[in-house]
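Dear colleague,

Please find the structure below, handed over for your review. My notes on what was found in it follow directly after.

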Amino acid sequence: MTQADVSGVDVQVHDTVIVSDGVPLAARIHRRADAGAGPQPGVVVAGSWLTVKEQMPDLYAARFAEQGWTAVTFDFAGFGASRAEPAQTELPYRKMGDLAAVVRALRGSSWIDADRLGVVGVCAGAQFALGAVAAGLPVHAFAAVAGWFHDLETVTPFYGGAEGVAQRLATARDAARTYSQTGRLLTVPAYAAGDPDAAMSLEMDYYANPERGAVPEWRNEMSVLTWHPWLTFNAFAHLPAVTTPTLLVHSDEAVLPDNVRRVAAGLGRHATTMWAKGAQTDFYDQPDQVDAAVAAVVDHFTAAGRSS
């Protein structure tokens, strides 16, 4: 167990393991030291693609814990300390299954009020959480912070248009053949500014800066296998099945704001949108954006708990 001081509040961090489909997931429970033994409202925080719990999830969890919530972060299978094969591979439905396993485990915890348990997805974690909610994730509320939601049409411009997508799908096909025949996993950098082969090639201080996202626990690699499930994923296909109260915290300066509007429209009365200020990675760790998002999520989850 470790301790973190958040705005003068003593937050204890308890490392644990939660098993998902036979894979031990490295998890952390963030809880105020003065919480006692009884249940608190709970929140699971999922970060962006290719990330680990020590990046944006732990930061948000500390803020939620300060507010009196038991907050849980974890490494998805194949990332960070959750060792699984294929590693460093974005497999949306594996991630949804991991979220479901974590939520199931927490619903049986004496520290958490199962009727007040929500899930927060930051960036791409939001579209995987949305899919898990659509599949029946037993949470009372959902929130997306700077949520990345895509389908093939809207993600294509990020990768050089139709030609760039076709090239990446071809490399994924070859990588899958290599993996199935030899067990060798082909990788590219997760982040490398100016490298067209990297998963993220635009200049982003967050992933380049050790004081922000370039933490020791983060492995700057992406399996080439990722390209097919990532590019062909359709977040919008899950909208019709979602009835969970949803909050969308976003900005017109963040990624794909029109897709967030599309999600809100698809969810209708089940969605509330809060438009803030700030670029995409500002919502990962900058105090103004993080504090505003946490306050909005706490209000949303509290209101959803009263109405359930």
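Helices (H or I, at least four residues) and strands (E, at least two) are DSSP runs, numbered from the N terminus. The model is predicted: local features need pLDDT of at least 70, side-chain atom pairs count only at pLDDT 80 or more, and totals for chains, interfaces and linings use all residues. Residues are numbered from 1 along each chain as its sequence is written, and side-chain values use heavy atoms, with hydrogens and water left out.

Overall form

The protein contains ten helices and eleven strands. Its radius of gyration is 18 Å, close to the 19 Å that the globule rule gives for 308 residues, so the protein is as compact as a globular protein of that length. That radius is taken over C-alpha atoms, and the globule rule is 2.2 Å times the number of residues to the power 0.38. Along the principal axes, the C-alpha atoms fill a box of roughly 55 × 40 × 35 Å.

Of the 308 residues, 58% count as buried; buried means under 20% relative accessible area, exposed over 50%, and partly exposed in between (1.4 Å probe, protein chains only).

Among contacts with a separation of 6 or more, 69% are between residues 24 or more positions apart, a contact being heavy atoms within 4.5 Å. Val9 is buried, with a relative accessible area of 16%, and its C-alpha atom is 6.2 Å from that of Glu66, a residue 57 positions away along the chain.

Helix α3

Helix α3 (residues 125–134) has ten of its ten residues buried, so it is largely enclosed by the rest of the structure. The buried residues include Gln127, Phe128, Leu130 and Val133. They pack against β4 (40–46), α2 (92–107), β6 (112–122), β7 (141–145) and α7 (227–231). After α3 comes Gly136, whose phi is positive, near 105 degrees.

Charges and salt bridges

The protein has 22 positive and 33 negative charges, and their mean positions are 6 Å apart. Here Lys and Arg count as positive and Asp and Glu as negative, while His and the chain ends are not counted; the place of a charge is taken as NZ of Lys, CZ of Arg, CG of Asp or CD of Glu.

Side chains of opposite charge can pair when their charged atoms come close. The whole structure holds 17 salt bridges, each defined as a side-chain nitrogen of Lys or Arg within 4 Å of a carboxyl oxygen of Asp or Glu.

Arg28 takes part in a salt bridge with Glu54 (3.4 Å, N to O). This pair links distant parts of the chain, with Arg28 in strand β3 (residues 23–32) and Glu54 in the loop between β4 and α1 (56–66), 26 residues apart. Both Arg28 and Glu54 are buried.

Arg28 also forms a salt bridge with Asp58 (2.5 Å, N to O). This pair too links distant parts of the chain, from strand β3 to helix α1, across 30 residues. Asp58 is buried, as is Arg28. Salt bridges that share partners join Asp15, Arg28, Lys53, Glu54, Asp58 and Asp75 into one network.

A further salt bridge connects Arg116 and Asp113 (2.8 Å, N to O). Arg116 counts as partly exposed, at 34% relative accessibility.

Backbone points to inspect

Most residues other than glycine have a negative phi, and most peptide bonds are trans. The following entries concern departures from that pattern.

- The peptide bond from Glu85 to Pro86 is cis, with omega near -10 degrees. Pro86 lies in the loop between β5 (70–74) and α2.
- Asp21 has a positive phi, near 50 degrees. Asp21 sits in the loop between β2 and β3 and is exposed, with a relative accessible area of 81%.
- Cys123 likewise has a positive phi, near 55 degrees. Cys123 is in the loop between β6 and α3 and counts as buried at 5% relative accessibility.

With kind regards
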